[in-house]
Amino acid sequence: MKKRLTATLTAIIAMTFALTGCSAVSNSNAQQSGSDNVTQTYKGAGKQASELKFATIVKSMGFNWFKRMETGVKQFASDTGVDAFEQGPSQADPAQENQVAQDALAQGVDALIIDPIDVAQTESVIKQAKQQGVVVVTLESPADKNAVYDVEAFDNKAYGRHIMDELANSMGETGQYGIFVGALNSQSQMEWTKEAVSYQKEKYPNMEWVGDYNVTNSSQQTSYAQMNQLMKKYPDLKGALGADAFDVVGIGQAVQEAGKSGQIAVMGTSIVSYSGDLLKSGAITKIFTWDPADHGYVGNKVAQMVLEGKDITDGTDLGVSGYNNVTLKGNTIYGNGWIDITADNMDKYNF
């Protein structure tokens, strides 16, 4: 009996040690860069730049936004010698994006930079990459905790407050407004809009959010149809805020056709190649954006720094305008790179 007990205790101790060892390896993968232990866990650590392969996976290669981002990825490749490329599905579909990411992993990449449509659905791919020793950097996914870093062009709450200040100014700080988002599980979009509403209630009490969230699924046609419905239901509507790049385009079309250009303030995140004509006509009041090329470049830069064991802290200069003095909160890197665009300055931003 005594021998059996001793054998049992020995087995338990051995098992506990084994599990503790596994846990330590797993946790080291989740730590931030700058540690010798961390760099050793990545298969790209110690390689020359010319030996590295980085894949940037985006929501859809059919979007101008991500075509512009590819410019930054290619520039990073040219500047560093890293084999860096961008891929994505033809349509914005989480399952297809995951498949593209898995295909990239099968190519033996050293880093995966991913802009997820749905973070919850992307987690399995991110975990798979980590298990393979691949550095994972996410874009626009501040709630993700499995990536080494997430990169944001700016603090999302500050951005939401800024958009609300601009909308309130155009609405005379009074009246009803609607909100449009591409998806309820789009983390950045929801963070912008939730903060905008909270801020409005505090600072602009004479304004009123009406109609709940209009979910557009990144469809210009859907936002157009929903804006028409919103104007019918709320004939005194004075403003509309779109979070997805296509939202303000559909909203602006509906406003223009209704003969209400200039009467309803239309604002939101977009780019000139989508909304330029409606900015010129006055149907869209103002758009807000950041340069996707810079964002793509920085995402790859961060992955390279992780492999080189370099620290990223408050004040780090990532070498790109808008990311020269970043802020680090947890594993999220915040730049200060948003841009306000109107009909007067739109020619400066030809993407």
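Which elements do the buried residues of α3 pack against? In this predicted model, those residues pack against β1 (53-57), β2 (83-87), β4 (135-139), α10 (272-281), β10 (286-289) and α11 (292-307).

**Helix α3**

Helix α3 covers residues 64-80, 17 residues in total. From its first C-alpha to its last it reaches 25 Å, close to the 24 Å expected at 1.5 Å a residue. Its buried residues are Trp-65, Phe-66, Met-69, Gly-72, Val-73, Phe-76 and Ala-77. Viewed down the axis of α3, these buried residues fall within an arc of 145 degrees, so they line one face of the helix. Lys-74 and Ser-78, on the other side of α3, are exposed.

**Helix α10**

Helix α10, one of the partners of α3, has its own set of buried residues: Val-272, Tyr-274, Ser-275, Gly-276, Leu-278 and Leu-279. They pack against α3, α9 (247-257), β10 and β13 (339-341).

The values are set out below.

Two packed helices are described by the angle between their axes and the distance between the axes. Helix α6 (residues 156-170) packs with helix α7 (residues 187-203) at an angle of about 55 degrees, and their axes are 7 Å apart. With that angle, α6 is oblique to α7. The crossing of the two helices is right-handed. On the α6 side, the contact is made by Asn-156, Lys-157, Tyr-159, Gly-160, Arg-161, Met-164 and Asp-165. The α7 side contributes Ser-188, Glu-191, Trp-192, Glu-195, Ala-196, Tyr-199, Gln-200 and Lys-203.

**Lys-329**

Strand β11 (residues 327-329) contains Lys-329. Is this residue buried, partly exposed or exposed? Lys-329 has a relative accessible area of 46% and is therefore partly exposed, since that class lies between the limits of 20% for buried and 50% for exposed. Leaving aside residues up to four places away in sequence, Lys-329 touches Asp-155 and Tyr-334. Lys-329 and Pro-142 are 187 residues apart in sequence, while their C-alpha atoms are 9.5 Å apart in space.

Terms used: Residues are numbered from 1 along each chain as its sequence is written. This is a predicted model: local features need pLDDT of at least 70, side-chain atom pairs count only at pLDDT 80 or more; totals for chains, interfaces and linings use all residues. Side-chain values use heavy atoms; hydrogens and water are left out. Helices (H or I, at least four residues) and strands (E, at least two) are DSSP runs, numbered from the N terminus. The expected span of a helix is 1.5 Å times one less than its number of residues. Buried means under 20% relative accessible area, exposed over 50%, partly exposed in between (1.4 Å probe, protein chains only). The arc is that of the directions from the helix axis to the C-beta atoms. Contact means heavy atoms within 4.5 Å. Axes are lines fitted to C-alpha atoms, for helices over the stretch in contact, and angles run from 0 to 180 degrees between N-to-C directions. Angles under 35 degrees count as roughly parallel, over 145 as roughly antiparallel, 65 to 115 as roughly perpendicular and the rest as oblique. A crossing is left-handed if the near helix is turned anticlockwise from the far one by less than a right angle, and right-handed if clockwise.
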